[in-house]
Amino acid sequence: MKLSIIDKDILLTISKHGYSNQRKLMDHSGYSIGSVNKSISALTEEGMLDDDMKLTKKAKTYLKDCSPKNAVILAAGYGMRMVPINTETPKGLLTVDNVPLIERTIEQLHEVGITDITMVVGFMMEFYDYLVDKYNVKMIYNNDYATKNNLHSLRLASKIISDTYVVPCDIWSEKNPFSATEAYSWYMVSDLLDEESWIRVNRKSELVRVNGEARRDDLSKVGNRMIGIAYICEEEAKFLRDNLEAFDEKPNYSDSFWEESAFRKDRMFLNARVVSHNETTEINTYEQLRELDSESRNLENDAIGVAAQALGVQQNDIKNITVLKKGMTNRSFLFECGTDKYIMRIPGEGTDQIINRDKEAAVYAAIEGKGVCDDNVYLNPKNGYKITKFIYDSRNCDPLNQKDLDMCMKKLRDFHDMKLQVPHTFEILAHMDYYESLWNGKKSVYRDYEKTKENVLSLKSYIESQKIEKTLAHIDAVPDNFMIIEKDGKVDIQLIDWEYAGMQDRYVDLAMFSIYSMYEKDQIDNLIETYFRAGGQEVDEDIRTRVYAYIAMCGLLWSNWCEYKRGLGVDFGEYSLRQYRYAKDYYKLFKERV
């Protein structure tokens, strides 16, 4: 059939509103009078309209074959940009006008006769269970929601994609975006531009990829805000199903959105459907929810309330909330209040099992006023919430940059030389055993774990034989926790995030820096030499041996920690494996030196 998208839209308009004259058809469709007249001619020529401008049997059959039969709602992800709300409520259950987003979507689907609805769930999946009874929806469980993006979620539902609406769970639409009749496949974007979007509508009304470099240099190539609702006719569904299956089997697509599978080279095979940002929006952030419904009960969030109380302001004074990169232990978000910026830490999954917040508070008390730490505004030892002032003109240490290493090791050595004291010690082997106990009786994924553990435990007698002067050590002295502040020609360094800090041999911090940076041996040796050079000394070879022993011990410590976090659905990939390798390889290197 040789009909354009405009022709099909005019056909749909006539099916919904009938035909009286071209002017009314123009008003209903939004197309010009010229386009309307041209489409009427094409539809008549194709046998879709009879002499009375009514749909023919051919047109009715075509629309029936194309019209929607079911819907898939994607609701498996963390919704990380919704921090801090996502620690309490999954995105689909956020409320606008006291109605959960996902219920509004389901009811809008019901309004047009779509009752065959399947949800793909993962994070906080239990929260959605009531929908099975209330709306008779079906559930598909994505057990890989922590490690794979929604391309995998849609792949799990790919067998039922045919004349199907694909819908994110976090959509709010003033007008019903669904219809009982459709004439072609489409993907919905907003008329708003969005620098984070990688899809834009070109002059031919096609959806194409945004060139990343061009987006930064040329605002005309900024993408359209992605709404995420799509309609997939069977004609395109087969291609999409094949792509979903092929892409999902490739590890490099684990972080991909399903839209990647809807492209042929640089163009989507789905047509563009552009809607007003006032009608349909995807709610991705706390700010967007507040803008849409300032009375939403989800805005009464514990973390926001704490921040407002700590700063002595109203909750509405907390503005421009943006999620920061998800840490290995916590979730954090940046916000503005008045003329200042702050970072709030929210402890991650299972953190209460592995970090003692009372001990952390003791550490912050010990380092207060010593010029080594970020500006701590608030710390609650009970729940781990922490607020610090944002550090302007700063960057993290680059572990591959020798100049950065020189500065950061000097800072670390100066801190160690203060010989600060706290009441508690960070016992490496005790923590290693404790993390193992959190596996709840499960065996390690490593077949030779017991032998590796035996070797690491044997290092205890060597460490105890050394003359060690314990001082407050950071323990998590990794490159990301060294903030290099460059302003007005001056350089300052602050050490942040003291959750694990305690009394210990100062050289444990060198081991930790090394294994987090995933250094090779020559890089580790250089780090040791840089630290000693910062104190005007030559390397003590006995200390080098001791650092090797700590690397083996700390490697197994964090490997056990990674195995615990994996049980909570958090996988650190290569980092986890490398920690286990450090335990084995540096035990061998240690043995070669003693």
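Two strands pair if DSSP finds at least two bridges between them. Helices (H or I, at least four residues) and strands (E, at least two) are DSSP runs, numbered from the N terminus. The views below show a predicted model, in which local features need pLDDT of at least 70 and side-chain atom pairs count only at pLDDT 80 or more, while totals for chains, interfaces and linings use all residues. Residues are numbered from 1 along each chain as its sequence is written, and side-chain values use heavy atoms, with hydrogens and water left out.

View 1. Strand 14 pairs with strand 8 (residues 186-194) in the parallel sense over five bridges, and Ser190 stands opposite Val275 of strand 14.

**View 2. Strand 1 (residues 70-75) and its partner strands.** Six of the six residues of strand 1 are buried, where buried means under 20% relative accessible area, exposed over 50%, and partly exposed in between (1.4 Å probe, protein chains only). Asn70, Val72 and Leu74 point one way from the strand, and Ala71, Ile73 and Ala75 point the other way. Strand 1 is joined in parallel by five bridges to strand 4 (residues 117-121), and also pairs in the parallel sense over five bridges with strand 6 (residues 164-168). Ala71 stands opposite Ile117 in strand 4 and opposite Tyr165 in strand 6.

**View 3. The surroundings of Ser185.** Ser185 lies in the loop between strand 7 (171-173) and strand 8. Its relative accessible area is 1%, and Ser185 is therefore buried. Ser185 and Tyr231 are 46 residues apart in sequence, but 5.1 Å apart in space, C-alpha to C-alpha. Leaving aside neighbours within four places in sequence, Ser185 is in contact (heavy atoms within 4.5 Å) with Tyr231, Ile232, Cys233, Glu236, Leu270 and Asn271.

**View 4. The largest nonpolar core, with Phe482 and Trp498.** A nonpolar core is a set of buried Ala, Val, Leu, Ile, Met, Phe, Trp, Tyr and Cys residues joined through side-chain atoms within 4.5 Å. Of the 86 residues in this core, Phe482 and Trp498 touch the most other members. Helix 20 (residues 541-566) supplies the largest share, 15 residues. Apart from this core lies another, of 51 residues, among them Ala42, Val137, Tyr165 and Ile171. Beyond its neighbours within four places in sequence, Phe482 has contacts that include Arg395, Cys408, Leu412, Ile493 and Phe513.

**View 5. Helix 21 (residues 574-593) and the helices around its buried residues.** Helix 21 has 20 residues and reaches 28 Å from its first C-alpha to its last, close to the 28 Å expected at 1.5 Å a residue. This expected span is 1.5 Å times one less than the number of residues. The buried residues of helix 21 include Tyr575, Arg578, Tyr582, Lys584 and Phe590. They pack against helix 16 (449-457), helix 17 (459-465), helix 18 (508-516), helix 19 (521-534) and helix 20. Ser514 lies in helix 18 and is buried, at 1% relative accessibility. Leaving aside neighbours within four places in sequence, Ser514 is in contact with Tyr519, Ile524, Leu527, Ile551 and Tyr582.

**View 6. The crossing of helix 1 (residues 5-17) and helix 2 (residues 22-29).** The two axes come within 10 Å and cross at roughly 105°. Helix 1 and helix 2 are therefore roughly perpendicular to each other; angles under 35 degrees count as roughly parallel, over 145 as roughly antiparallel, 65 to 115 as roughly perpendicular and the rest as oblique. Ile10, Thr13, Ile14 and His17 of helix 1 make the contact with Leu25, His28 and Ser29 of helix 2.

**View 7. Positive phi at Asn320 and at Ile475.** Asn320, in strand 16 (residues 319-323), has a positive phi of about 50° although it is not a glycine. Asn320 counts as partly exposed, at 39% relative accessibility. Ile475 lies in the loop between strand 22 (471-473) and strand 23 (482-487), and its phi is near 70°. Ile475 counts as buried, at 0% relative accessibility.

Technical notes: Axes are lines fitted to C-alpha atoms, for helices over the stretch in contact, and angles run from 0 to 180 degrees between N-to-C directions.
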